[in-house]
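Reader: Hi! Could you walk me through this fold in plain words?
Author: Happy to, let's take it piece by piece.

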Amino acid sequence: LLDAFDLAGHFSWVIGGDSGFERKPDPASLAFLMKQSGSTAANTLFVGDSAIDAETARRAGVHLCLVDFGFGKLPESFTLRPEECRVSHPEEVSQAIERVLEKS
C-alpha cells in the first residue's frame, strides 16, 4: 500500500506480519522501531485503527491515537483511556502528534 500511494519514501522502517516479529498485540516490533529511531515511550505515538492496535500501544506503554478512517473497526464496547485520543480525519493525527511532542 505504501508503494501504491507513493508513501514508502517517507518511512525508514516498515514492519509487517512477515517481518520476523511476533504479531500484534505483542509490542516487540514497536519496541524495535523505538530503539532504531532513538525514541522512548514518552515521545512515541502509536496510530492505529483497531482494538489490537490499542492493545499493542498499551502493552508498549506509548501514547495512542485511534483513527476512524482505517481498515479496522472497533467494537461498540471499546473504551478509550483518558490520555488516549480518537480522530475522524487525517488532519487530526497531526494535532495528536503535536500534543505528544509538547508533553515530551
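Author: One term before we start: two strands pair if DSSP finds at least two bridges between them. Please also keep in mind that this is a predicted model.
Reader: Thanks! So what is the strand order in the open sheet, and what is the pairing?
Author: The open sheet has three strands in the order 1-2-3, and the pairing is parallel.
Reader: Which are the edge strands?
Author: Strand 1 (45-48) and strand 3 are the edges, as each of them pairs on one side only. Neighbouring strands of the sheet are turned by 25 degrees against each other on average, ignoring direction.
Reader: How many bridges are there between strand 1 and strand 2?
Author: Four bridges, in the parallel sense. In that pair, Phe46 stands opposite Leu64 of strand 2.
Reader: And how many join strand 2 to strand 3?
Author: Three, and those two strands also run parallel. Cys65 has Cys85 in strand 3 as its bridge partner, while Leu66 stands opposite Arg86 in strand 3.
Reader: Remind me, what holds strands of a sheet together in general?
Author: Strands pair through backbone hydrogen bonds, in either a parallel or an antiparallel way.

Reader: Where does helix 2 lie?
Author: Helix 2 lies across strand 1 and strand 2, and runs at about 170 degrees to strand 2. Together, strand 1, helix 2 and strand 2 form a β-α-β unit that is right-handed.
Reader: Is strand 2 mostly covered or mostly open?
Author: Mostly covered: five of its five residues are buried. His63, Cys65 and Val67 point one way from the strand, Leu64 and Leu66 point the other way, and all are buried.

Reader: Let's talk packing. Which residues are in the largest nonpolar core?
Author: That core has ten residues: Leu30, Met34, Phe46, Ala54, Ala57, Val62, Leu64, Leu66, Leu74 and Phe78. Helix 1, helix 2 (51-60) and strand 2 are the elements that give two or more residues to this core. Another core lies apart from it, with six residues, among them Cys65, Val67, Val87 and Val93.
Reader: Leu66 keeps coming up. What is Leu66 in contact with?
Author: Leaving aside neighbours within four places in sequence, the contacts of Leu66 include Ala54, Leu74 and Phe78. Cys85, Arg86 and Val87 are also among the contacts of Leu66, as are Gly48, Asp49, Ser50 and Leu80.

Reader: Changing topic: where is Glu84?
Author: Glu84 is in the loop between strand 2 (63-67) and strand 3 (85-87).
Reader: What does the Glu84 side chain reach?
Author: It reaches the backbone nitrogen of Arg81, at 2.8 Å. Beyond the neighbours within four places in sequence, Glu84 is in contact with Arg58 and Leu64. Glu84 and His63 are 21 residues apart in sequence, and their C-alpha atoms are 6.6 Å apart in space.

Reader: Now the part before helix 1. What does Ile15 touch?
Author: Ile15 is in the segment before helix 1 (28-37). Not counting residues up to four places away in sequence, Ile15 touches Phe21, Ser29, Phe32 and Leu33. Ile15 is partly exposed, with a relative accessible area of 27%.
Reader: And Ser29, buried or exposed?
Author: Ser29 is in helix 1, and counts as buried at 14% relative accessibility. Apart from neighbours within four places in sequence, Ser29 contacts Ile15 and Phe21.

Reader: Last one: which residues does the cis peptide bond join?
Author: Lys24 and Pro25, with omega at about 15 degrees. Pro25 is in the segment before helix 1. Asp6 also lies in the segment before helix 1, and has a positive phi, near 55 degrees, in a residue other than glycine.
Reader: Why bring those two up?
Author: Because most residues other than glycine have a negative phi, and most peptide bonds are trans.
Reader: Is Asp6 buried or exposed?
Author: Exposed, at 66% relative accessibility.
Reader: Great, thanks for the tour!

Technical notes. Residues numbered from 1 in each chain as written. Predicted model: local features only at pLDDT ≥ 70, side-chain atom pairs only at ≥ 80, totals over all residues. Heavy atoms only, no water. Contact = heavy atoms within 4.5 Å. Polar contact = N/O pair within 3.5 Å; in protein donor to acceptor, adjacent residues only side chain to side chain. Buried < 20%, exposed > 50% of the residue type's maximum accessible area, 1.4 Å probe, protein only. Core = buried A, V, L, I, M, F, W, Y, C linked by side-chain atoms within 4.5 Å. Axes fitted to C-alpha atoms, helices over the stretch in contact; angles between N-to-C directions. Right-handed = clockwise from strand over helix to strand, strands pointing away.
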